[in-house]
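Hi there,

Here is the structure I promised to pass on. Have a look at it first, and my notes on what turned up follow just below.

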Amino acid sequence: MQNNNKNEFCTLDEIRERKDALLDEIQKDSEKVTSLWNQTFLKRDESSKGDYIASLVSNGFMALDAFLLARKLIKGYGYLFGRGKRKKK
């Protein structure tokens with residue numbers, strides 16, 4: 001196979017060889033992506049009850065924080081949400 005830098009091919013056989021080589025590379029890359037994708041979304045069954053309780057507490061604090069933030073924003077900027085009139089300073 002005599003290719004120059006521009007990937008110009010002289011015969012159909014050279015084109016077919018290059019096509020087969022590219023298909024092999026694509027298949028290998030596809031397998032790599034599939035394995036990485038599957039590893040990304042593995043469910044971890046090794047968590048203990050302590051980890052479960054810690055995640056519940058953490059999620060509870062985040063929910064409380066979000067509630068307090070929303071309450072503060074609505075109290076200060078309620079006119080944006082259709083609640084009352086704008087306060088004058």
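A nonpolar patch lies on the surface, formed by Tyr 52, Ile 53, Leu 56, Val 57, Phe 61, Leu 64, Phe 67 and Leu 68. Together these residues have about 840 Å² of accessible area. Tyr 52 belongs to helix 2, which covers residues 49–77. With a relative accessible area of 53%, Tyr 52 is exposed, because the cut-off for that class is over 50%. Please keep in mind that this is a predicted model.

Now for the chain as a whole. It has two helices and zero strands. Of its 89 residues, 2% count as buried. The chain exposes about 9100 Å², and carbon and sulfur atoms supply 57% of that area.

Glu 17, Asp 20, Asp 24, Glu 25 and Asp 29 gather on the surface as a patch of negative charge. Glu 17, one of the residues in this patch, is found in helix 1, which runs over residues 12–40. Its relative accessibility is 45%, so Glu 17 counts as partly exposed; the exposed class would need over 50%.

In it, the side chains of Arg 16 and Asp 13 meet, at 3.6 Å from N to O. Why are these two separated by about one helical turn? Arg 16 and Asp 13 are three residues apart in helix 1, and that spacing is the reason.

Best wishes

Note on methods: Residues numbered from 1 in each chain as written. Predicted model: local features only at pLDDT ≥ 70, side-chain atom pairs only at ≥ 80, totals over all residues. Heavy atoms only, no water. Helix = DSSP H or I, 4+ residues; strand = E, 2+ residues; numbered from the N terminus. Buried < 20%, exposed > 50% of the residue type's maximum accessible area, 1.4 Å probe, protein only. Areas by Shrake-Rupley, 256 points an atom, 1.4 Å probe, with all protein chains shown as cover. Patch = residues over 30% accessible without salt bridge, like charges linked within 9 Å, V, L, I, M, F, W, Y side chains within 5 Å. Salt bridge = Lys/Arg side-chain N within 4 Å of Asp/Glu carboxyl O. Lys, Arg positive; Asp, Glu negative; His and termini not counted. Charge placed at Lys NZ, Arg CZ, Asp CG, Glu CD.
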